[in-house]
Amino acid sequence: MMDNEVLDFDIGVGVSSGGDVDDDAIDIEHHALDDDDMLDSPILPCGNGLVGDSGNYFPNQEEPCDLLDLEPFDGLEFESEEAAKAFYNSYARRIGFSTRVSSSRRSRRDGAIIQRQFVCAKEGFRNMNEKRTKDREIKRPRTITRVGCKASLSVKMQDSGKWLVSGFVKDHNHELVPPDQVHCLRSHRQISGPAKTLIDTLQAAGMGPRRIMSALIKEYGGISKVGFTEVDCRNYMRNNRQKSIEGEIQLLLDYLRQMNADNPNFFYAVQGSDDQSVGNVFWADPKARMDFTYFGDTVTFDTTYRSNRYRLPFAPFTGVNHHGQPILFGCAFIINETEASFLWLFNTWLAAMSTHPPVSITTDHDAVIRAAIMQVFPGARHRFCKWHIFKKCQEKLSHVFLKHPSFESDFHKCVNMTESVEDFESCWFSLLDKYELRDHEWLQAIYSDRRQWVPVYLRDTFFAEMSLTQRSDSINSYFDGYINASTNLSQFFKLYEKALESRLEKEVKADYDTMNSPPVLKTPSPMEKQASELYTRKLFMRFQEELVGTLTFMASKADDDGDLVTYQVAKYGEALKAHFVKFNVLEMRANCSCQMFEFSGIICRHILAVFRVTNLLTLPPYYILKRWTRNAKSSVIFDDYNLHAYANYLESHTVRYNTLRHKASNFVQEAGKSLYTCDVAVVALQEAAKTVSLAMNKEVRRTMANRHFKASSVTDGKRMCCNEDCQQEVLAQPEPEDEMDKKINQLRNELELANRKCEAYRTNLLSVLKEMEEQKLQVSIKVQNIKISLKDNL
């Protein structure tokens, strides 16, 4: 053998030409893996022993047991190279270090390997100037683990074909790993056949890697006996999932193509190309796209709804309709939950929704999603779902929940029941001190994000929720009861379509109830009657709850700053729990410290209490959001009418009365400060009374003159317009005092008649439009009922 000419070169699993371990190992846990991390692989028979693609070697069962307990020594002989490696790896496991192949020598004559060197994984030093790192930046650099250890085992082939130990270095220059941690070392991590079978079974049942590892630890009697880590389990499951979905994802694309062929308004997109076997997918049916135009002011995006057996992220976009029901704005399957994937998805969704961004968006607590939303929806208010944070709290603080049963209640009260930022901050730190949690890392993290999930920081933005203090506001899952963790892609669309049908049926039923079941009024208030005719039944019930709640509240003036008056509103005897309402007298607009209207679009009982004491009997149009009314899905534009109605409203007797009373009250308060100012005020009031009396007399004379002109035009036999629709009068010419008065009177009467005619036309038109909308809704309800009955018969 010595006559053979040899070439020296390095080989090994994950080893570069410089001898370094591959820095591009898959990182499922999203944290830096050191050189001891590796993927598992199936075991294949090879020579006297078993060899896996991962580089793990196991001796043949016929090997003497005492051989496995030996320490290597020069002259030790093995049947094969694989047996030598398995022996050294077994020795390394007992001692507490990981091994790898370092160098080899091949015969120049036939290329056969004639010499191997196995070394400690910490041998040598990492080459920081590798060619492959020059052209690209390493985003997550690995921890440097090479420390120049000299421990090694060299073997060479004999003429007999056996392998002989030609060199052994025992000593290490680093600490060795204790027995209970040796299973974490790279060369000792191996998923056995029985373990793979168990993982496959539990994965098919919808369990995640963390729960599967818990089951394996229990099954094998400890993590050290399992033989691999959760990272290995995740990698194995990921490979399984990738292979499984490649075939079924084609079913998804075929379904979407067929839906688009049946209806061109059905939108779908695949990241990259729809010819790819695997890619992120988004779709939105025509109803979802239309609903967004009516209710797209606030959106929920849920990536935590793992819908199928492969735990593929099924991510629906949802909202809330005018009945408070969840509605769909589109769906996605996200293969890769990366920032690039979410950027593509949000831009695609925005294009499908005609590039109209929402006012607010709610998602899971995720930094990657937040980064994507900041780029695609910079103007939208981003909120983290409070329900998911509460759920995570149960996981992160399970020891606190067990030790302190009152913690959960205190935590909910701190988050949900505090009325101001100051109250929350004080309550939060009191909670941390009470349960000694000041240094808890997770609580510190969610506190730093408090402006995106704690209600007191979000009440100034519309989220279409009907309560400010509900115990736990979960994301409204559109598909609850239809899709679960055991649903695979072949079953998914049948259940998906059933969910769409069920939600549509519930919406039709709510429309029917609104149109045909008038609610019972609980007060004689004209405002309640007005709301019952405008709101959907569900929303009216919520408004009625607030209106009736005003009966227990008192509103008293706390400050008066000209046209802006501040009222203190509280229950009798509970002044410390008061809310403050700022009321603009001239514009008839109010803002409450509870911010319920801004958050939910429903006026709160505190503002309604102020309206009651100021004799405001009907809701101003400003407080009636169209998205909560029975005409929310009407295509008729009522904005001009609302503006006209609001202008008339500002001229109403109630507003005039409130304005005068407000100014008179300020006048009296100032004038009563001294006897002199009081006397001056009395004189001024007397002069004002005379002026008002003269104005009233002049108004009466002008009204009577107008009536005289109209009467004379009839009695003098002057002609009238024969058009019965307008009945426009051709006014007789009175005996004017001068030519100017004659012209003014003529124009005034013409203007008055034109206004009456326009108002009559407007009233008739709105009546016709309202009747058309009601008929349209009735027809829609009948059609849906017919479809449902036909389906039931089939």
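Residues are numbered from 1 along each chain as its sequence is written, and side-chain values use heavy atoms, with hydrogens and water left out. Because the model is predicted, local features need pLDDT of at least 70 and side-chain atom pairs count only at pLDDT 80 or more, while totals for chains, interfaces and linings use all residues.

Side chains of opposite charge can pair when their charged atoms come close. With a salt bridge taken as a side-chain nitrogen of Lys or Arg within 4 Å of a carboxyl oxygen of Asp or Glu, the count comes to 25. One of them joins Glu507 and Lys287 (3.3 Å, N to O). This pair links distant parts of the chain, as Glu507 sits in helix α15 and Lys287 in helix α7 (residues 286-295), 220 residues apart. Helices here are DSSP runs of H or I with at least four residues, strands are runs of E with at least two, and both are numbered from the N terminus. Glu507 is buried at 5% relative accessible area, whereas Lys287 is partly exposed at 34%; buried means under 20%, exposed over 50% and partly exposed in between (1.4 Å probe, protein chains only). Both residues belong to a salt-bridge network that also includes Asp291 and Lys633.

Other salt bridges lie within a helix. Arg257 and Asp254 meet at 3.1 Å, N to O; the two are three residues apart in helix α6 (residues 230-262), so about one helical turn separates them. In helix α16 (residues 526-534), Glu533 and Lys529 are four residues apart, and their closest N and O atoms are 2.6 Å apart.

Turning to the strands, pairing requires at least two DSSP bridges between them. Strand β17 (residues 553-561) runs antiparallel to β18 (residues 564-571), with eight bridges. The two form a hairpin with two residues between them, and Gly562 in the turn has a positive phi of about 75°. Six bridges also join β18 to the antiparallel strand β19 (residues 579-584). Thr566 of β18 stands opposite Asp559 and has Lys582 as its bridge partner in β19.

Asp559 also contributes, with Asp561, Asp563 and Glu587, to a negative surface patch. Elsewhere, Phe667, Val668 and Leu685 make a nonpolar patch of about 280 Å². Patch residues have over 30% relative accessible area and no salt bridge, with like charges joined within 9 Å and nonpolar side chains (Val, Leu, Ile, Met, Phe, Trp, Tyr) within 5 Å.

How values were computed. Accessible areas come from the Shrake-Rupley method with a 1.4 Å probe; for residues, only the protein chains shown count as cover. Lys and Arg count as positive and Asp and Glu as negative; His and the chain ends are not counted. The place of a charge is taken as NZ of Lys, CZ of Arg, CG of Asp or CD of Glu.
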